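Please look at the model shown here with attention to its aromatic side chains and to the packing of its helices.

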Amino acid sequence: MTTGAHALLDALHAQGVAVCFANPGTTELDLVRAAEEGTGMRFVLGMQENVCTGAADGWGRMSGRPAATLLHLGPGLANGIANLHNARRARTPVVNVVGDHTSWHLPYDAPLASDIDSLARPVSAWVHRIDRPADAAPAAREAVRQAVMGGGVATLIFPADHQAASTPADAPVPTAEAGMPPPSAWDPAGVDRALRASRRPLFLLGGVGEHGALSARGQRAVARLLSVTGGTAYAETFPARAERGGGLPAFDRLPYFPEPARAALDAADLVVRVGALPPITYFGYQGHPSELVGADRLLCVCEPGEDAATRLEELADRMEAPPYLEPALSLPPVEPGALTPPRIAATVAAALPEGAIVSVEGGTCGYPFYAASAGAARHTTLTNTGGAIGQGLPVALGAALACPGRPVIALLSDGSTQYTVQTLWTLAHEGLPVVALIAANHQYAILRNELRRGGELGPRAQALTSLDAPRVDWVSLARGYGVAATRAATTAELDAQLRAALATRAPALIEMSL
């Protein structure tokens with residue numbers, strides 16, 4: 001006999017779930033006891049649930065396999081919902097395990113009782129409540145299947161009494177194969193004809209997984225197609241994962257604001273979706289239709305999460321495109337002097353080691369870096385897919401655990417990083433070599449940019465978007481969490497400090513004064 005808690009953890013581990021990002025409470029203590037007795041799974045403590053869910057997103061984006069989270073009741077799940085929203089948008093496989101009150105205590109509406117099922121559904125592809133101990137192992141297996149095959153978040157709700165109760169030992173569980181979603185039908189001959197008939201095609205590329213259009217294979221195939229169609233290509237505005245540098249094409253991201261995005265798309269007579277959704281404006285802007293491209297100009301090669309790279313290669317061969325030739329790209333010069341976003345971007349791009357993972361959150365340096373890094377060493381970029389801020393540092397944490405041999409840089413803004421600043425403690429606790437670069441402009445710059453679209457900023461608008469009174473001392477804050485920290489005000493200081501931090505193979509933070 002074994003307990004429901006043991007059965008669930010053993011089944012998750014047997015299905016390939018190697019890590020659990022946990023912030024447990026009283027209703028999860030039997031799962032903690034089961035972990036104490038050994039399941040083979042690694043448990044990583046987060047000081048806030050949104051750290052756990054964001055880390056699971058980063059792990060899944062880089063490994064292709066789901067991580068688990070362990071969350072405390074409805075409030076714990078609610079704390080983690082923002083980064084589950086981002087994970088859902090990235091189509092990252094995640095298995096949430098949410099403890100609940102004992103089933104016989106639920107009718108009494110205790111202070112921490114809530115409708116966990118309703119909280120979970122908007123950010124989950126699949127939600128299941130375990131209603132008896134014997135259901136624990138089958139539910140775990142199905143959760144992994146739903147997360148992997150569906151490319152999304154699966155949530156298990158596990159009452160405390162079913163965790164503690166005994167259940168017959170489960171039969172050995174076969175390891176699940178990490179498969180692709182069932183492919184949608186596509187007509188390569190029809191796509192071929194449409195491309196040959198088009199005068200100015202534009203490829204819009206999505207970045208989900210190692211088979212995405214923004215994988216190395218996918219981008220090389222797109223470059224081949226451009227050589228015979230004379231078209232252009234953009235990454236979607238916020239790709240989940242994109243390979244960059246090291247001789248790959250310099251495809252920029254589709255602009256964020258509607259005017260430049262529409263200018264790029266309006267120049268095309270055919271917009272070819274490859275693993276990307278139809279482009280829409282990020283918000284509703286007066287005078288701008290939400291749809292950036294009408295259905296009459298859209299052509300789909302594959303939907304997000306499908307094997308875009310293989311379809312692109314097949315299409316390039318069909319169109320007799322020549323072999324891929326690496327572009328002659330170079331890094332932008334690093335101008336000496338005080339830090340600015342373009343200077344930060346050039347400095348970071350020049351210092352990137354081979355195989356780096358860069359988690360980008362924030363408009364201040366994110367777009368400049370993406371452009372500057374095309375000529376850098378080969379690296380992987382992860383961006384904020386769902387727009388819920390506080391994603392960048394937890395995603396870097398998960399990526400570092402998923403890829404222990406690769407250096408990780410988190411290129412972040414000061415306002416959004418405060419949402420999950422507790423991640424610093426976990427980085428120090430686990431000794432993970434993540435270098436956090438904080439663009440400290442002491443304001444919500446993106447909101448000010450949005451406000452300026454309607455006119456000048458008044459004093460109240462400035463006050464509501466200012467982080468300047470008092471200024472956050474990032475160096476002291478990081479050191480308080482056990483992370484080594486420095487401050488850079490010039491490109492020379494940033495270059496020296498970044499290279500030194502990367503060499504230590506330990507967590508570090510650099511406040512970049514703007």
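The report below takes up the ring pairs, then a charge over rings, and then a helix contact.

This is a predicted model, in which local features need pLDDT of at least 70 and side-chain atom pairs count only at pLDDT 80 or more, while totals for chains, interfaces and linings use all residues. Residues are numbered from 1 along each chain as its sequence is written, and side-chain values use heavy atoms, with hydrogens and water left out.

The structure holds five aromatic pairs (ring centres within 6.5 Å; planes under 30 degrees apart are stacked, over 60 edge-to-face, the rest tilted). Between Phe238 and Tyr256 the ring centres are 6.3 Å apart and the planes stand at 80°, so this pair is edge-to-face. Phe238 lies in the loop between strand 10 (232-235) and strand 11 (242-244), and Tyr256 in the loop between strand 11 and helix 10 (258-266), so the pair ties together parts 18 residues apart in sequence (helices, H or I of at least four residues, and strands, E of at least two, are DSSP runs numbered from the N terminus). Both Phe238 and Tyr256 are buried (under 20% relative accessible area, with a 1.4 Å probe and protein chains only). Ring pairs link Phe238, Tyr256, Phe257, Tyr282 and Phe283 into a cluster.

Arg253 lies over the faces of two tyrosines, as tabulated (CZ of Arg within 6 Å of the ring centre and within 35 degrees of the ring normal).

| Charge | Ring | Distance to ring centre |
|---|---|---|
| Arg253 | Tyr367 | 4.2 Å |
| Arg253 | Tyr370 | 5.0 Å |

Helix 9 (residues 216-229) and helix 11 (residues 308-318) pack at about 25°, with their axes 8 Å apart (axes are lines fitted to C-alpha atoms over the stretch in contact, and angles run from 0 to 180 degrees between N-to-C directions).

Methods:
Phe/Tyr/Trp six-rings, centres within 6.5 Å; stacked < 30°, edge-to-face > 60°. Buried < 20%, exposed > 50% of the residue type's maximum accessible area, 1.4 Å probe, protein only.
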